[in-house]
Amino acid sequence: MRTSVRDRVVLALVTGVLLASSGAGAAQGGDAGEFPARPIRIVVGFTPGGQPDIFSRMIGGKLAESFGQPVVVDNRPGAGGAIGTKIVADATPDGYTLLSVSGSHVISPVVRKLNYDTAKDFAGITLTYNSSYVLVAAPSLGAGSVKDLIAMAKAKPGALNFGSAGTGSGTHFAGEMFKDAAKIDVVHVPYKGIPEALNDTMTNRVQFFMAPLASSINLVRDGKLRALGVTSLKRVSIQPDIPTIAESGLPGFSWDSWGGILAPAKTPRSIISKLNREIVRALGLSDIQKRMRALGAEPAPGTPEAFDQFIRKELATIAMVAKKAGIKPQ
């Protein structure tokens with residue numbers, strides 16, 4: 001059959017529109033039915049070995065199995081996680097570049113000037129875990145409980161020090177929260193990292209430290225540190241003999257370490273929903289739960305909307321703590 005010039009022009013125009021639509025769809029990652037069609041990258045703003053990194057690799061392995069596509073963890077440490085965070089803020093919102101965050105994500109805005117907006121540049125996928133800090137002291141200090149420590153601090157205002165893994169770290173803010181709740185006058189001593197703060201707590205150079213549970217539990221079990229209380233509202237499953245700070249004289253006190261997965265803002269909701277569904281499924285698997293709990297964390301999956309709301313609430317809480325402690329962006 002012969003086609004007219006007019007028919008050929010119309011066919012060319014229609015074909016061009018279809019190809020353009022197809023290209024736009026590919027640029028946006030397509031709909032959830034087509035997603036994922038290539039490897040997914042999870043950016044972690046910290047060095048390998050910490051909870052955000054370890055748990056991202058656990059989750060990524062399960063996503064790779066269910067999606068049939070590789071899931072690569074990309075460590076981009078620096079500036080308290082801000083370097084990796086900026087990478088994801090600038091990424092195409094198509095679901096192929098995700099961000100694994102911890103509590104430092106909501107601390108960064110109050111301790112440093114950022115080139116992204118923590119609240120507006122990201123879309124929540126799900127909270128992944130909660131993990132407790134544990135208030136530790138050297139056995140030689142002589143404090144056998146949270147009440148003992150508070151009494152010591154009140155007897156000698158300004159004489160006791162508390163360590164942290166650095167100004168603006170989660171351990172710093174945990175210490176500030178305790179200081180405010182207990183109404184005590186103690187001095188903050190920042191260190192380069194968790195190991196240095198633990199070492200000086202063991203030798204009583206600093207009197208207490210709000211240590212990550214996973215980093216300190218073996219030192220507690222070996223008797224090198226004394227655990228006075230955990231910051232979660234419930235006792236932790238891997239060491240249930242340690243009381244909560246809330247039950248030890250500060251009712252309602254709670255300050256968890258946490259982690260979650262974000263996507264760039266404007267990622268299609270269909271893709272957000274598909275990622276949420278698969279990550280929540282992974283967090284419900286017995287092997288994942290067992291491995292997380294062995295590292296002192298509790299799986300905490302939820303909805304994208306709940307995670308967005310959680311981050312907004314955490315940002316407000318951190319801003320309040322920073323104001324009381326006189327912490328300003330540098």
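1. Basis of the values. The model is predicted, so local features need pLDDT of at least 70 and side-chain atom pairs count only at pLDDT 80 or more, while totals for chains, interfaces and linings use all residues. Residues are numbered from 1 along each chain as its sequence is written, and side-chain values use heavy atoms, with hydrogens and water left out.

2. Overall make-up. The protein chain holds eleven helices and ten strands, these being DSSP runs numbered from the N terminus (helices H or I, at least four residues; strands E, at least two). Its C-alpha trace spans about 100 × 40 × 30 Å along the principal axes.

3. Of the 330 residues in the protein chain, 50% are buried, where buried means under 20% relative accessible area, exposed over 50%, and partly exposed in between (1.4 Å probe, protein chains only). The accessible surface of the chain comes to about 15200 Å², with 56% belonging to carbon and sulfur atoms, as computed by the Shrake-Rupley method with a 1.4 Å probe. Among contacts (heavy atoms within 4.5 Å) between residues at least 6 apart in sequence, 79% join residues at least 24 apart.

4. Strand β4. This strand covers residues 122–137, and because 15 of its 16 residues are buried, β4 is largely enclosed by the rest of the structure. Pairing here requires that DSSP finds at least two bridges between two strands. On that basis β4 pairs in the antiparallel sense with β9 (residues 256–264) over nine bridges, with β10 (residues 297–299) over three bridges, and with β7 (residues 208–212) over four bridges.

5. Phe 122 has Pro 264 of β9 as its bridge partner, while Tyr 129 stands opposite Pro 299 in β10, and Val 136 stands opposite Phe 209 in β7.

6. Strand β8. Residues 226–230 form β8, which is mostly covered, four of its five residues being buried. This strand pairs with β4 in the antiparallel sense over four bridges; the bridge partner of Val 134 is Val 230 in β8, and Ala 137 stands opposite Arg 226 in β8.

7. Ser 104. This residue lies in helix α4 (residues 104–111) and is buried, with a relative accessible area of 17%. Leaving aside residues up to four places away in sequence, Ser 104 touches Phe 46 and Gly 80.
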